[in-house]
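Below are some notes on the pockets of this model and on one residue in a loop. Please read them alongside the coordinates.

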Amino acid sequence: MADFSLQIRNWYRLNSRELPWRKTKDPYKIWLSEIILQQTKVDQGLAYYDRFISSFPDLRMLAEANEQDILNLWQGLGYYSRARNLYFAANQIVNDFNGVFPDNYNDILKLKGVGEYTAAAISSFAFGEARGVVDGNVYRVLSRVFDIDDPIDLSRGQKRFSALANELISKTSPAEHNQAIMELGAMICKPSRPKCEACPVNNMCLAIANKTINERPVKSKKLKIQDLFFHFIVVSDDNGLILEKRHDGIWKNMFQFPLLETKSMELPSQLKKIYIEQEYRTKHNLSHRRIHATFYKMSALPKLFERRELIKIPHGELEKYPLPRLIDRYLEDVDL
Ligand code: SF4
């Protein structure tokens with residue numbers, strides 16, 4: 001067991017990527033990077049991390065910002081609840097922890113948007129607490145090295161992997177150990193075609209011996225994707241375009257075209273008698289949902305939207321408003 005940690009850490013020292021959040025012990029910066037990287041690849045996350053650090057160099061500045069500025073900076077990253085939780089948690093730290101970032105796993109876990117993985121990452125990277133991280137990369141490495149067939153999407157499996165991660169972690173260098181195992185999963189033990197010949201733990205990997213690499217990790221069920229059908233009404237003239245603010249769901253507090261949601265891609269009955277200048281269809285995939293979106297360009301807003309809370313935004317001011325990636329892409333693709 002001790003060999004596992006030693007071997008991955010020796011490998012990490014020689015092979016790890018240089019990333020800005022690895023050079024700091026500041027829990028605020030580490031937290032920010034972890035939230036950005038929750039559903040985002042490192043290459044894409046880097047620019048957002050830099051932008052956040054230069055706009056909000058410390059926790060108090062983030063807590064004192066307004067949510068719309070944070071959503072604006074987040075635009076394009078998706079999973080906007082992460083940005084809203086960042087803002088909420090920054091205020092939680094100000095109010096509940098006197099503005100000082102909590103310095104242990106249990107307190108960090110109380111922050112909104114922080115789960116077991118993120119709390120283990122922050123507490124080990126910033127405070128040297130010996131908590132094993134378990135993310136997708138770690139599940140893959142551990143399930144292969146120890147040839148474990150417990151499903152990673154059931155609590156029985158999750159408990160086993162978490163216990164193993166805590167057993168394996170180096171008590172003297174927990175931060176380096178956690179970084180190393182995640183880096184190994186990201187760079188070497190990839191989901192398909194892992195680079196076993198370059199792997200520092202290939203001498204102890206049971207999945208190689210048992211020829212089970214492609215069957216690890218095990219999941220009990222396939223992800224069920226929900227189809228959603230969004231019909232957006234686009235009304236734009238020389239003075240600007242009409243948008244509405246969302247008050248719920250994944251795009252809460254962001255801006256979109258007035259929306260009708262139905263059960264199919266067919267033209268909604270409410271729009272059948274209205275002249276449509278242009279129709280544009282696209283698909284947008286989220287982790288558990290597939291949005292089938294149709295944008296209908298019209299010269300005036302249909303009556304049924306009259307009671308909605310709408311605003312007209314001059315074209316030149318659009319960048320002040322946080323827009324979901326789907327809306328942003330439409331605006332890039334279509335000449336209004
Ligand atoms: S030897 Fe191959 S399968 Fe095993 S941990 Fe290393 S990269 Fe993954």
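1. Six helices each supply at least two residues of the lining of the largest pocket: helix 2 (27-37), helix 3 (42-55), helix 6 (81-96), helix 8 (116-127), helix 9 (136-145) and helix 11 (174-187). Helices (H or I, at least four residues) and strands (E, at least two) are DSSP runs, numbered from the N terminus. The largest share of this lining, six residues, comes from helix 2.

2. On the source: this is a predicted model, in which local features need pLDDT of at least 70 and side-chain atom pairs count only at pLDDT 80 or more, while totals for chains, interfaces and linings use all residues. Residues are numbered from 1 along each chain as its sequence is written, and side-chain values use heavy atoms, with hydrogens and water left out.

3. The largest pocket has a volume of about 1600 Å³. Its lining counts 47 residues, and the closest to the pocket centre are Leu 37, Gln 38, Asp 135, Gly 136 and Asn 137. A pocket here is an open set of points on a 1 Å grid over the protein atoms alone, where a 1.4 Å probe fits, with protein on both sides within 12 Å along at least five of seven lines; lining residues have an atom within 4 Å of a point. A volume is the space filled by probe spheres set on the points, which are joined across faces, edges and corners.

4. By class, the lining of the largest pocket divides into 21 nonpolar, twelve polar and 14 charged residues. Ala, Val, Leu, Ile, Met, Phe, Trp, Tyr, Cys and Pro count as nonpolar, Asp, Glu, Lys and Arg as charged, and the others, Gly among them, as polar.

5. The second largest pocket has a volume of about 480 Å³. Of its 26 lining residues, Tyr 79, Tyr 80, Ser 81, Arg 84 and Ile 250 are the closest to its centre. Helix 6 gives the largest share of this lining, six residues; strand 5 (278-285) also supplies at least two. Domain 1 (2-215) and domain 2 (226-333) both contribute to the lining, so this pocket lies between them. The domain bounds come from an automatic or database domain assignment.

6. Thr 40 is found in the loop between helix 2 and helix 3. Its relative accessible area is 9%, hence buried (under 20%, 1.4 Å probe, protein chains only). The side chain of Thr 40 makes a polar contact with the side chain of Arg 82 (3.2 Å), that is, a pair of N or O atoms within 3.5 Å, one able to donate a hydrogen and the other to accept it.

Notes: Buried means under 20% relative accessible area, exposed over 50%, partly exposed in between (1.4 Å probe, protein chains only).
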